[in-house]
Amino acid sequence: MGKPGVKESRSAPGRRTVIASLHDELRTRFGDRYSTAAAVRDHHGKDDSHHPVIPPDGVVFAESTGEVAFVVRVCARHGVPVIPFGAGTSIEGHVQAVRGGISIDMSGMNRVVAVRPDDLDATVEAGVTRLQLDRELRGTGLFFPVDPGADATLGGMAATGASGTTTVRYGTMRDNVISLTAVLASGEVVRTGGRARKSSAGYDLTNLLVGSEGTLGVITELTVRLHPVPEAMAAAVCSFPGLDEAVRTVVEAIHMGVPLARAELLDATAMHAVNFYSGFDYPEAPTVFFEFHGSEADVEAQGTMMQEISRELGGTAFQYARQQNERARLWKARHDAYPALLGLRPGCHGLTTDVCVPVSRLARCIAESEEDLKTASMPWGVVGHVGDGNFHAVFIIDPDSEAELAEAEAINERIVRRAVAMEGTCTGEHGIGLGKIGFLESEFGASGVAAMRAVKAALDPRGIMNPGKVVA
């Protein structure tokens, strides 16, 4: 899906001449920071998804907004696509060059421009990674809360509208990006706002670009919200008789107003994989990893209330992790669930679902989806950010088996259709990329998708910005 026209586009009459001219212009400007080496191109034509490598024609390693603008202007003049590249950690085929073009690698734009503790914000270049910003903030008493697991770039996280384990308490990238600097398809540089905590001025260009996946512009700089580090934090692990009991525990806690900072679900298969991969010995049963933030008294009260709710639904006694190093190890294990699951079947790829539904419908959505999953011929596991209604099924598929891919995609489609019917979404955090284009109309209707295409056409009339993604 999203790949029609790749062959025709790359073999169109005169294209080789255009690309040769473009190569010359970019080599002259960037020297050895422009590469057409096969290995470099292949690296930039693949993310962490099951989608195949589709390399760009060349890769520019940019180091400033001005350089990005130069590349976009040159590509616009030649009618050649532009594909932004952060850390390559996305999993819906966001960086594949389905119509050729130039990949702009943002890793060299890695300056933390400013940290402003008094205003609880920071400005960073798009290539700054999540862990890099975390290191920069040590000693300030502040942290950036959006944690998708991978050490993604902040620009990539904004482009895909990322979220993660702490969303239930602190929100997504949409909630934590104050303003952006971006290069539009014309090569013009636009700043979407200042640093004020609110504004009623004009259209919301910031949230138009957040989640646009490079199809409307290239994000080069962003100002993000920071939050005070809580006085106390504690993590707890609790096992349950089944997925339903685990999910209903979290839903009940939310209804009772327990201010969870994290509530992460792993099914029995995922727990088996994590134990093996990360050296734990937790029960291999459906499990929720909790975290509580606040004062010492708050954290104690939250843990006590959560334990009581869990016990009523068959949960085991909590195993706590209170020290920072213990919590870091526990959450690393949760973040490693995806590679851990892949390790159960070496040499295989993961195809991951990403639906999100209203929290009140989550237990039913997971229960019905589990019945679909039980029909699969390949191994699978379930993980989820259940505090905000988001869960993932990971199919571990043989990359050489078209039958397994087709089977996993068919089950994925049933899960997505079910979530949308429950007034949910086809993607809670991974984005559309190549993999979810076919589901947009069922979620937004034909008129909604037409409106998106109108925005795309207005900002990118030649269709050069990461074409073949989102609205194709």
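The largest nonpolar core of this predicted model has 54 residues. Those with the most contacts inside this core are L260, L265, F290, M306 and F395. In soluble globular proteins, nonpolar side chains tend to be buried together.

Helix packing was considered next. Helix 15 spans residues 362-373, and helix 16 spans residues 402-421. Their axes come within 10 Å and cross at roughly 165°. Because angles over 145 degrees count as roughly antiparallel, helix 15 is roughly antiparallel to helix 16. The crossing of the two helices is right-handed. On the side of helix 15, the contact is made by C365, E368, S369, D372 and L373. Helix 16 contributes I411, R414, I415, R418 and A419. By class, this contact has 5 nonpolar, 1 polar and 4 charged residues.

Helix 10 passes helix 15 in a right-handed crossing. From helix 10, L243, D244, V247 and R248 take part. They meet L362, A363, I366 and E370 in helix 15. This contact has 5 nonpolar and 3 charged residues, with no polar ones.

Another helix pair is formed by helix 2 (residues 15-30) and helix 4 (residues 65-78). The two axes come within 10 Å, crossing at roughly 160°. Helix 2 and helix 4 are therefore roughly antiparallel to each other. Their crossing is right-handed. Helix 2 brings V18, S21, L22, E25, L26, R29 and F30 to the contact. Helix 4 brings E67, F70, V71, V74, C75, R77 and H78. In terms of class, 8 residues in the contact of helix 2 with helix 4 are nonpolar, 2 are polar and 4 are charged.

Two individual residues were also examined. D42 is found in helix 3, which comprises residues 38-43. Its relative accessibility is 38%, so D42 counts as partly exposed. Setting aside neighbours within four places in sequence, D42 is in contact with V53 and P55. D42 and G58 are 16 residues apart along the chain. Their C-alpha atoms are separated by 9.9 Å.

S212 is located in a loop. This loop runs between helix 9 (205-209) and strand 10 (217-225). S212 has a relative accessible area of 7% and is therefore buried. Beyond its neighbours within four places in sequence, S212 is in contact with A159 and V470. S212 is thus buried, whereas D42 is partly exposed.

Terms used:
Residues numbered from 1 in each chain as written. Predicted model: local features only at pLDDT ≥ 70, side-chain atom pairs only at ≥ 80, totals over all residues. Heavy atoms only, no water. Axes fitted to C-alpha atoms, helices over the stretch in contact; angles between N-to-C directions. Helix = DSSP H or I, 4+ residues; strand = E, 2+ residues; numbered from the N terminus. Parallel < 35°, antiparallel > 145°, perpendicular 65-115°, else oblique. Left-handed = near helix turned anticlockwise from the far one by under 90°. Contact = heavy atoms within 4.5 Å. Nonpolar A, V, L, I, M, F, W, Y, C, P; charged D, E, K, R; others polar. Core = buried A, V, L, I, M, F, W, Y, C linked by side-chain atoms within 4.5 Å. Buried < 20%, exposed > 50% of the residue type's maximum accessible area, 1.4 Å probe, protein only.
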